[in-house]
Amino acid sequence: MAKGLLVTYALWAVGGPAGLHHLYLGRDSHALLWMLTLGGGGVGWLWEFWKLPSFVAQANRTQGQRQSSGGRTPPPSLIRFVAQMMVGIYFGLVALISLSFMANFYIVGLPLAVGLGVLLVAAVGNQTSDFKNTLGAAFLTSPIFYGRPIAILPISLAASITAQKHRRYKASVGSESLSVRLYRLGLAYLAFTGPLAYSIFCNTAATLSYVAETLGSFLSWFSFFPLVGRLTESVLLLPYRIWRLLVGDPGFSSGYFQEWEKLYEFVSSFQDEKRQLAYQVLNLSEGATDEEIHGRYRELVKIWHPDHNRHRTEEAQRHFLEIQAAYEVLSQPRKLRGS
């Protein structure tokens with residue numbers, strides 16, 4: 001049955017951030033992406049206003065016409081590549097908050113989450129990518145910065161490059177009933193939100209700490225690039241700004257930035273507590289020099305490396321990860337903040 005442009009616009013206006021218009025057009029991957037990101041933080045939802053006619057035209061083509069690619073490779077897309085990177089990082093941050101308690105998380109859980117985020121964007125529209133190669137690149141990159149949140153960046157970059165390299169058009173498949181599609185989308189949505197909801201409702205205090213730690217680590221990545229850091233903060237605030245404008249409260253620019261400042265101060269105070277604990281882990285006094293921190297780190301790593309403690313592997317691995325985490329915290333430069 002042919003898809004209508006007016007119906008698509010109506011669904012976009014009513015349930016666009018939840019992906020209803022994409023579900024109507026049979027773009028299930030795009031619908032799931034919007035469900036998990038609330039329309040790309042609102043930005044992607046608004047940007048789609050101009051793209052809906054092409055989406056409807058693509059949906060109304062027969063599958064044979066749409067998929068007769070003749071072995072051609074889809075043209076490269078910078079927007080898709082950036083989106084893969086961002087969604088991969090987003091999936092990785094959510095995994096850090098909800099699944100970092102798992103054993104071998106940085107080897108299994110983190111690359112799997114980031115790789116699936118990249119593959120989800122790669123499958124938007126009439127394109128897809130190679131599942132095994134993309135996940136393989138994510139897993140092979142996971143030992144870089146092992147045990148550190150910054151590991152999300154190289155994993156997402158490697159997976160995105162691999163997904164772009166192996167991009168292809170989707171193969172022709174038969175039509176499926178709406179119930180089957182909703183069932184598949186529901187399972188995927190629960191797999192993403194279930195662990196996060198459990199952490200929030202059953203382990204609230206620890207989840208708040210994870211969120212503060214993750215947000216603090218994320219913002220500290222840009223310590224050496226103040227301009228990029230300010231741009232990142234603006235991007236994080238953009239969905240909130242759009243929401244305040246849509247509900248008709250243009251006076252958010254003064255009071256609501258104070259709310260953000262409170263959150264930023266909370267993260268900073270949490271980072272200060274982390275630094276104190278890091279000094280204790282490395283058995284150093286506060287204010288130790290970079291040379292002292294690096295020397296103590298190398299000394300403790302040699303003592304507690306799992307390969308040197310095979311008779312007590314679990315204890316050694318725990319101490320080894322604590323030492324790495326402490327060294328990462330103390331290696332981050334303090335951001336000078338104005339009064």
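Q: Let's start with phenylalanine 131: where is it found?
A: Phenylalanine 131 lies in helix 9. Helices here are DSSP runs of H or I with at least four residues, strands are runs of E with at least two, and both are numbered from the N terminus.

Q: Before we go on, what kind of model is this?
A: It's a predicted model, where local features need pLDDT of at least 70 and side-chain atom pairs count only at pLDDT 80 or more, while totals for chains, interfaces and linings use all residues. Residues are numbered from 1 along each chain as its sequence is written, and side-chain values use heavy atoms, with hydrogens and water left out.

Q: OK, is phenylalanine 131 buried, exposed or partly exposed?
A: Partly exposed, because its relative accessible area is 49%. Buried means under 20%, exposed means over 50%, and partly exposed is in between, with a 1.4 Å probe and protein chains only.

Q: Which residues form the nonpolar patch on the surface?
A: Phe131 is in there, along with Ile107, Val108, Leu112, Leu116 and Phe139, and together they have about 470 Å² of accessible area. The elements giving two or more residues to that patch are helix 8 and helix 9, and helix 8 has the largest share with four residues.
Q: What counts as a patch?
A: Residues with over 30% relative accessible area and no salt bridge: like charges are joined within 9 Å, and nonpolar side chains (Val, Leu, Ile, Met, Phe, Trp, Tyr) within 5 Å. A salt bridge is a side-chain nitrogen of Lys or Arg within 4 Å of a carboxyl oxygen of Asp or Glu. Areas come from the Shrake-Rupley method with a 1.4 Å probe, and for residues only the protein chains shown count as cover.

Q: Switching to helix 10: how many of its residues are buried?
A: 10 of the 14, so helix 10 is largely enclosed by the rest of the structure. Among those buried are Ile152, Pro154, Ile155 and Gln164.
Q: What do they pack against?
A: The buried residues of helix 10 pack against helix 7 (78-99), helix 8 (105-122) and helix 9 (131-141). Contact means heavy atoms within 4.5 Å.

Q: And where is asparagine 309?
A: In the loop between helix 15 (290-304) and helix 16 (313-331). Asparagine 309 counts as buried, because its relative accessibility is 3%.
Q: What does it touch?
A: Leaving out residues up to four places away in sequence, asparagine 309 touches Ile303, Trp304 and Ala316.

Q: Last one, how many helices and strands are in the protein chain?
A: The protein chain has 16 helices and two strands, and buried residues make up 40% of its 339 residues.
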